[in-house]
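Here is a short briefing to read alongside a structure. Take a moment to find your way around the chains before you start.

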Amino acid sequence: MTTLTRRLTVTFQDKPEQRLRIILGGLGCLLFMAGALSVTVGALSLDLAQILSGSLTEFDQSVLFSIRLPRILLAATVGAALGISGAAMQGLFRNPLADPALIGITGGAALAVACVIVLAGTVSGYLGLYGLGIAAFVGGIASSMVIMRIARFSGTFSVTHMLLAGIAINAVTFAGTGFLTFLSDDQQLRALSFWTMGSLGGALWEPVLVCLTIVIPCLFVLIRKSRDLNLLLLGEENATYAGLDTHRLKRAIVITASLCVGAAVAVSGIIGFIGLVVPHLIRLLFGSDHKLLIPASALFGASLLVLADTVARTVVAPTEMPVGILTSLVGGPFFLWLLVKQSRLKP
Amino acid sequence: MRTLLAAFLLVLCPVLSVADTPGQINSPDRANSPNRIVSVGGALTEIIYALGEQGRLVGSDTTSYFPPEAEALPKVGYQRALSAEGILSLRPDTILMNDEAGPPPVLKQLAASKVRLVSLPSATDLDGIRRNIRAVGALLDVPGTADALLQTFDKTVADLTAVTARQSDRPRVLYMMNHGSGSPMVAGRDTSADSIITLAGGQNVVDGYTGYKPLTPEAAAAHAPDVILVSTRTLEQAGGMESLLRIPGLNLTPAARNRRIIPMDDLLLLGFGPRTPAAALDLNKRLHSQ
């Protein structure tokens, strides 16, 4: 793989556009294959030939259309959302350790969800179905807005302030969640812990479409900002001298990333690792040009989560594993392996 | 990278072959009544077994662990964290569940698959159990067996009432359970623990709050229960009788002084299924064993 990327870099040194197109095409194929595999595999196995020829039984058809397809689409959307917001955050903080949790979205979402589960009691109807998702979205966005507001108190929208505010707000939200956990009864506690482990099991068409309508515009905004993010890599001062309005850029990036992660967390709970590691992997393999990094993170994040979710819903069928556990369990060691390998390559 | 991909595919292979095993389809012997049932909820599964209709079960959730055979059924996960595809892969024609089943989006997915969903309220008293037995009997089209089961049920209830009517004292009981770390939780009013204690002729020492609250050492000492009732699992988690009695506050109670700790299985004690009258009778005996 690394020799391949090196060859790609050498071959297309003078034609970055072409290199970009080839890499994105390859990742697109990966996503397509992941999707095709995912459609056929599951607790119920469906035959790809039968799906394509439309000769499924009515039962299999309803499983395909009302359960599996929305789920795969959701996995791809959430994976892409986490991938691009991770890439944007790492670019903004100019730190490979930055991930969406830093701007308080997951903490705020978890707190809001805990409030609904523990304090609101049983809710039914529309709110019962989407209540947790709406709460997670509102809570996530609210806490990231608070962090952004605090960062602007210094008058300069300082990244350091934002980072510190993020840590403080996270501490507060986790304390709040902890307090609610303490108040919760047996069943509420279970509901809460299942939510924090993250799952794509509740994929219905409506939330999938809502999530898509939020994530796709965000993706385009971030791709448009990729040149500016490249400039920011030079350092804030240098970027300003190069004519970049860094305040506006930072605000735009934080807002889009919060929207993306907010939408993802709302539909799937907390799925770790993807936001941190997908952009990292892309950077290790293909370099840190944001023009490539952002769309590639979207495609790779989507493929990775589709595959992970396929495994999550097959290994322990007829029940399923929370996919958040799986992404961290498999991804962590893989990432370590890659790090070790990379550092060995360098003298 | 390539070796990694190969390893990944290798891991996936057994998964694929497991998923490919076709489900056996029973020939329907009764028209319109369900023959392939997934039961979600320990008490409902118990009712199906008590009616002798377990042959129609194709799966159950993890709370269904009585009778022991029920543990061998394919498990569709915890009742509040079901997976739609997992359940449907068992090719059920009916999903019988209590009102705790969820999460709601999964129920909506199941409804979209056109499999029959039957939801029964969780029983919190004897009448609730009777209603559920009747409802399951009607669903399975065995009202006669359900009536017979109800007769045995009512007879045990009559025995229980006769026993409790003769007893003048009502032992003061504290029900405690431990989920994970932190203080054990103590049952207040409007809990199934409170109902079964009352049913068994005891008296819940806690009447100041509803639901479960963490135990504070001083409150435990102040309530001064004669007996401490715990779930078997809580006792195991605590590390046995000795360590349980060392919990601050508990060690000051009359129950600890006289070493009166009664461990009982959660599903038996709090399940509110067909075994509840027998469980209450058993609890009554153990409450009055001194």
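The points below cover a surface patch, a helix pair and a proline.

This is a predicted model, in which local features need pLDDT of at least 70 and side-chain atom pairs count only at pLDDT 80 or more, while totals for chains, interfaces and linings use all residues. Residues are numbered from 1 along each chain as its sequence is written, chains are lettered from A and ligands numbered from 1 in the order in which they are written, and side-chain values use heavy atoms, with hydrogens and water left out.

**A patch on chain A**
- A:Leu119, A:Phe179, A:Phe182 and A:Leu183 make up a nonpolar surface patch with about 430 Å² of accessible area together.
- Helix 7 (residues 159-183) of chain A supplies the largest share of this patch, three residues.
- A:Phe182 sits in helix 7 of chain A.
- A:Phe182 has a relative accessible area of 48%, so this residue is partly exposed (buried means under 20%, exposed over 50%, partly exposed in between, with a 1.4 Å probe and protein chains only).

**Two helices in chain B**
- Two packed helices are described by the angle between their axes and the distance between the axes.
- Helix 7 (residues 192-199) and helix 13 (residues 276-287) of chain B pack at about 65°, with axes 8 Å apart.

**A proline in chain B**
- B:Pro67 lies in the loop between strand 2 (57-60) and helix 3 (84-89) of chain B.
- B:Pro67 counts as buried because its relative accessibility is 13%.
- B:Pro67 and B:Pro263 are 196 residues apart in sequence and 19 Å apart in space, C-alpha to C-alpha.

Notes:
Patches are made of residues with over 30% relative accessible area and no salt bridge: like charges are joined within 9 Å, nonpolar side chains (Val, Leu, Ile, Met, Phe, Trp, Tyr) within 5 Å. Accessible areas come from the Shrake-Rupley method with a 1.4 Å probe; for residues, only the protein chains shown count as cover. A salt bridge is a side-chain nitrogen of Lys or Arg within 4 Å of a carboxyl oxygen of Asp or Glu. Helices (H or I, at least four residues) and strands (E, at least two) are DSSP runs, numbered from the N terminus. Axes are lines fitted to C-alpha atoms, for helices over the stretch in contact, and angles run from 0 to 180 degrees between N-to-C directions.
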